[in-house]
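User: Hi, I'm new to protein structures and would like to go through this one with you. Can we take it one question at a time?

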Amino acid sequence: MNIKPLFDRVVIKMVEAEETTKSGIILAGNAKEKPQVAEIVAVGPGGVVEGKEITMQVKVGDRVLISKYAGTEVKLDGQEYTILRQNDILAIVE
Amino acid sequence: MNIKPLFDRVVIKMVEAEETTKSGIILAGNAKEKPQVAEIVAVGPGGVVEGKEITMQVKVGDRVLISKYAGTEVKLDGQEYTILRQNDILAIVE
Amino acid sequence: MNIKPLFDRVVIKMVEAEETTKSGIILAGNAKEKPQVAEIVAVGPGGVVEGKEITMQVKVGDRVLISKYAGTEVKLDGQEYTILRQNDILAIVE
Amino acid sequence: MNIKPLFDRVVIKMVEAEETTKSGIILAGNAKEKPQVAEIVAVGPGGVVEGKEITMQVKVGDRVLISKYAGTEVKLDGQEYTILRQNDILAIVE
Amino acid sequence: MNIKPLFDRVVIKMVEAEETTKSGIILAGNAKEKPQVAEIVAVGPGGVVEGKEITMQVKVGDRVLISKYAGTEVKLDGQEYTILRQNDILAIVE
Amino acid sequence: MNIKPLFDRVVIKMVEAEETTKSGIILAGNAKEKPQVAEIVAVGPGGVVEGKEITMQVKVGDRVLISKYAGTEVKLDGQEYTILRQNDILAIVE
Amino acid sequence: MNIKPLFDRVVIKMVEAEETTKSGIILAGNAKEKPQVAEIVAVGPGGVVEGKEITMQVKVGDRVLISKYAGTEVKLDGQEYTILRQNDILAIVE
């Protein structure tokens, strides 16, 4: 992975919406504004962001729930990623 | 429960709207913007959120009143949950 | 009363709009955006709310003036209440 | 007067728009968004409001200029009053 | 002058738009959103405004440039004045 | 020049859009929202602006790039100027 | 390069959208709101921006991902550049 997010941003890879995850979460593929399961592939360094100290709470490999429209999509080596702020992550799924 | 909310977020399970709760609260199912009774199933760690120190005032098992459209819905093992910020909780019902 | 409001929220019970209160306030029932007289039935603990220290200035039993559309309505034991922030209270009526 | 405004709010009584005040201010009754002359009948205690220290600069009896649509109207003993924040007062007229 | 503006507000008297000022500024009378030349007739005391210390940089008699729609108009003794915040003044004209 | 901008404002004179500047910048005259080259003719004193300390980074004679619609236009001695905040200046061109 | 961006702004040169970068990123040329790869050609000094201390995390030569509509375009010597704030940069591509 050659993308280093700045500040409190993280890069995530969406998990297929129809897939039944280990934790049993199933999300309809055409649901509007519904959160989705994603895997974190890169984490920014945190630090002072817009004058506020931000500590990163997630790490590479974490599975997280995010709002469907959070962040910005980017395509890399044929795989789609999303770059978003840590604060747009709702929860870690274990 | 395998969902660990970040920061000041909590995971709640809505109580059936037509149900008469122990405390006698009855909420019409089709009322718009009316608060609803929910049970807390997971609580984030709090801490510094957007530069402000947040202490969590609710705990797992609390019954709370929330605005109907607060938070984001997520489906887990056939049960619908909502993830919202503690500040979107109006009151604890005892 | 089994509702414990969080932070700087208070629970109020609206006084009938047509009623002539002791202090002589009469409020038309169909006036738009007009304040209404309400009685406070529960008061949150105050404290640090969104990074600001809030001291509660009202107590249970106070009669207050509020904007008609402030807060969120909730029905309890057949009685309607409103949950709102202390800052949405305009004045105490004595 | 039985209304005690909270925080930095003040209660004012509008002076008739057509009236020629002592200071010679005449305000057209149907002017849109034009300020109006009012007399202050109650003043809140000030203090820390939304995390900011507010000192009250007006006192009961002051005649002030306000924007026509500032604040919230309330009727008391047949007289209309307006409750607004001190910061919505433009100037004191002497 | 009997108007004492509060906080960081100033009272100004518009200079006729067609007039050629000493400094040579000519402003078209029907220009939209164009600044205008005005003379300051009263200055508030400054101090802490909305939690921020404000020092007044203008004085009575200063000629200033303001945006056409800044502030609130008020009529006094047949003369129109505008009450606006010091921060709505663009520049002093000498 | 008789205009003294307040706070962090600067007065600039637009450089003709079709002109080829020394630094080789050419800007189409009818481009929407495109920045333009301007020369600074007056600089405010900076200081505490809206509670934040501002140090002026530009000086009279600097050529700067600004967004086309930033600031307010003013006509002086037949020449059009624009008054804008330093923060609306994108870059200094040397 | 004769453009010196102010504060936390940077000047970037877009990399052709169809180009396959070394890191394998391919971005469709007509994608809406999609980020794009750009190379940094000038970096502002950072410092206190709007009352917040900003440290620059990028340097000249870095390849970065940005949102397509971030910043302001400027044409210099026939080459288009974009001036944007560091915070509009999503990630560094290595």
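Predicted model: local features only at pLDDT ≥ 70, side-chain atom pairs only at ≥ 80, totals over all residues.

User: Which element gives the most residues to the side of chain A that touches chain G?

Analyst: Strands here are DSSP runs (E, at least two residues), numbered from the N terminus. Those giving two or more residues to this side of chain A are S1 (3–5), S7 (72–76) and S8 (79–85). With 5 residues, the top giver is S7(A).

User: How many residues of chain G are in contact with chain A?

Analyst: Contact means heavy atoms within 4.5 Å. Chain A brings 18 residues to the meeting, and they divide into 8 nonpolar, 3 polar and 7 charged. For those classes, Ala, Val, Leu, Ile, Met, Phe, Trp, Tyr, Cys and Pro count as nonpolar, Asp, Glu, Lys and Arg as charged, and the others, Gly among them, as polar. On the chain G side, the number is 22.

User: Which residue of chain G meets A:Lys4 in a salt bridge?

Analyst: A salt bridge needs a side-chain nitrogen of Lys or Arg within 4 Å of a carboxyl oxygen of Asp or Glu. Between chain A and chain G the count is 1. The N to O distance is 3.3 Å, and the partner of A:Lys4 is G:Glu94.

User: Which residue stands opposite A:Ile3 in S9(G)?

Analyst: Two strands pair if DSSP finds at least two bridges between them. S1(A) and S9 of chain G (residues 89–93) pass that test, with 3 bridges in the antiparallel sense. Opposite A:Ile3 stands G:Val93.

User: Let's move to another pair of chains. How much area do chain D and chain E bury between them?

Analyst: Buried area is the accessible area (1.4 Å probe) that two parts lose on being put together, summed over both. This contact takes 22 residues from chain D and 19 from chain E. In chain D, the ones losing the most area are D:Asn87, D:Leu90 and D:Glu94, together 31% of what that side buries. With 57% of it on carbon and sulfur atoms, the area buried between the two chains is about 1,800 Å².

User: Which residue of chain D forms a salt bridge with E:Lys4?

Analyst: Across this interface the rule finds 1 salt bridge. Its closest N and O atoms are 3.2 Å apart, and the residue that joins E:Lys4 is D:Glu94.

User: Which residue of chain E does D:Val93 stand opposite?

Analyst: S9(D) pairs with S1 of chain E (residues 3–5) in the antiparallel sense, over 3 bridges. In S1(E), the residue opposite D:Val93 is E:Ile3.

User: Why is one side of each edge strand left without a neighbour in the sheet that runs from S7(B) to S1(C)?

Analyst: The sheet is open, with 7 antiparallel strands in the order S7(B)-S8(B)-S2(B)-S3(B)-S6(B)-S9(B)-S1(C). S7 (72–76) of chain B and S1 (3–5) of chain C stand at the edges, so one side of each lacks a neighbour because each has a single partner strand.

User: Which residue stands opposite B:Lys75 in S8(B)?

Analyst: S7(B) and S8 of chain B (residues 79–85) run antiparallel and are joined by 5 bridges. Facing B:Lys75 is B:Glu80.

User: Last one: which residue in S9(F) is the bridge partner of F:Arg63?

Analyst: An open sheet of 7 strands has the order S7(F)-S8(F)-S2(F)-S3(F)-S6(F)-S9(F)-S1(G), with antiparallel pairing. Within chain F, S6 (residues 63–66) and S9 (residues 89–93) pair over 4 bridges. In S9(F), the partner of F:Arg63 is F:Val93.

Note on methods. Residues numbered from 1 in each chain as written. Chains lettered and ligands numbered in written order. Heavy atoms only, no water.
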